[in-house]
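Me: Can you walk me through this one? I have the sequence and the structure open next to me.

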Amino acid sequence: MARLHIVIPALVHAFIKSKTEYPGAMVLGWLSQFAAYGSMYTTISLILARFGTLGGWVWPEIALLLSFHLLAYSLGASLSFVQFREMEEKVRMGTMDAILVKPISPWTYIVFSGLNIGYAGHIILAIGLMVWALSQVEVTWTIQSALMFLCYLVSAAMIVAAIMTMIGATALVWVKSNHLFSIFFGFWELARYPLNIFPLPLQILMLTFAPLAFMAYVPVAATLGKPVPLLGDWAGLASLLAGPLAVLLGTLHWRHCIRNYQGAGG
Amino acid sequence: MKLAAYPAFTATAFQSRLAYRNQVWSGVFGELVFMFARIAIWTSVFSTVASSSVDGVTLPQMITYALLAGPVLYWDYSRLLRDIGTAVKSGDIAVYLLKPLLYPAYMLASHIGNFLFDLLTVTVPVAIIIAFTVGLVPPASLFHGFAFLAFWFLSFAMLFLLTAILGLAAFWLMTADSLDWFFNSIMTLLAGGIVPLWFFPGWLAAIAGNLPFAWVSYYPAAIYIGQLDPAQVLTAFVVGLLWFAVLLGFLLWIWARARHRLIVQGG
């Protein structure tokens, strides 16, 4: 098996080099995505400016929720989204077979040979908005709470990467799985608003089978000390455990699909 | 090419979408999620005010506005942008230039087919589900109902023209990938598809209300629920027609320039 500490930086370096061959398109991509999210957040802020609160959350709290949502998504998706969106094509064209015979774990190869630096615009906007929001919300920070916040973020990014891996892995068995990304992004859209504004069945769904409430709402509510439906005082602990649990399920699903992979021809 | 031949492109585009039936249910799911998120937001914020209406609009009217301004009027322009971008990037655009047709008119005919397909398979089912589960309101009056239909045509034409102009920029940029995001950022804020202009600060509403993006979502949906009186409707229609003429002229001009600028990679 190849030495990962040499192979991974080499894979990332090769991919970044291929992207920076077109610097104009790359920077334009960052700026356009920055503008698109900025515009959406401005629109949400207009609702807050007119009505004051959304589900009991004021604008700086919503801004923290939005920035956490975007940062967690960017970190997780840079490791997974584009890479696993292309799994259908890899299976259909047979290029997955070539990946399977490489002397490196297929997951590691797929993830790091496509590590997406296109999320730089997302990350810059998310960090900027988060810094502003954190300066506005009433939270008493300690070293422990700051560390917890960082752990929540890592856990949330793990959820994103794990779910994307599971969707991509499904293509190994079903051949087609990109329609599942549409469902993911449906819940992703809902995950950037306070969970308590949705009906109870949807709240339960987003805390269990489609656990994207843990991507932003639950950890941010736990940080702000806001009541979390169904979880109550367990919100912080659940936020910490959700990511590793999702990764465990993702690993099991990935291995199951790899074992049952037969190519597009069946 | 004779004008009568273009409807064949509309029919072909419609039929070709039938081959991708799994896109229908994922499209319905996506639009339903979009709508239920909007319904949850408006229900939540309307519950914070003491009266049953805000700026003269009730919650059922606001939900109807969200459906019209979103899924009904704001059709999937990305497909058009992507088609033009791909044709330029792959060089297929050269094939269209050899044919006896006007490429923008071909795109219009083709995307009317896509629009009708999405309308019948996605938008109408979503509207029916929303109507039965949450409830929708009828037009404010017969006049507003007919005016909405006229504005719907104008809305489709405006979004087509704006997207086609943007897509043709690919002749200069050699990529349309980022343009989708840029256009989305403008439309999200200025078309009034998510937040209607009457909730904007006055200065921003004044600017957005005079830009062509507002004719895509805001004016048709606002007219349907009766936010504009008949005189305002007629004024908005005249101004909309002026914008339509300006954008049409600009599209034809930019197409004439683009044809002479065509560079196909490797040739």
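**Where two helices meet**

Reply: H179(A), S182(A), I183(A), G186(A), E189(A) and L190(A) of α10(A) are in contact with N22(B), S26(B), F29(B), G30(B), V33(B), F34(B) and A37(B) of α2(B). Contact here is C-beta atoms, placed from the backbone, within 7 Å. Helices are DSSP runs of H or I with at least four residues, strands are runs of E with at least two, and both are numbered from the N terminus. This is a predicted model, in which local features need pLDDT of at least 70, side-chain atom pairs count only at pLDDT 80 or more, and totals for chains, interfaces and linings use all residues. Residues are numbered from 1 along each chain as its sequence is written, with chains lettered from A and ligands numbered from 1 in the order in which they are written.

Me: At what angle do the axes of α10(A) and α2(B) cross?

Reply: Roughly 0 degrees, and the axes come within 9 Å. The two helices are therefore roughly parallel to each other, a label for angles under 35 degrees.

Me: How many residues does each chain put into the whole contact?

Reply: Chain A gives 29 residues and chain B gives 25. On the chain A side, α2 (23-51) and α10 (178-190) are the elements that give two or more residues. The most comes from α2(A), with 16 residues.

Me: Switching to chain A by itself. How many helices and strands?

Reply: Chain A has 13 helices and zero strands.

Me: How much of chain A is buried?

Reply: Buried residues make up 42% of chain A. Buried means 20 or more other C-beta atoms within 10 Å of a residue's own, with C-beta atoms placed from the backbone.

Me: And α1(A), where does it lie?

Reply: Largely in the open, because one of its 16 residues is buried.

Methods
A residue is buried if 20 or more other C-beta atoms lie within 10 Å of its own, exposed if 12 or fewer, and partly exposed in between; C-beta atoms are placed from the backbone. Axes are lines fitted to C-alpha atoms, for helices over the stretch in contact, and angles run from 0 to 180 degrees between N-to-C directions. Angles under 35 degrees count as roughly parallel, over 145 as roughly antiparallel, 65 to 115 as roughly perpendicular and the rest as oblique.
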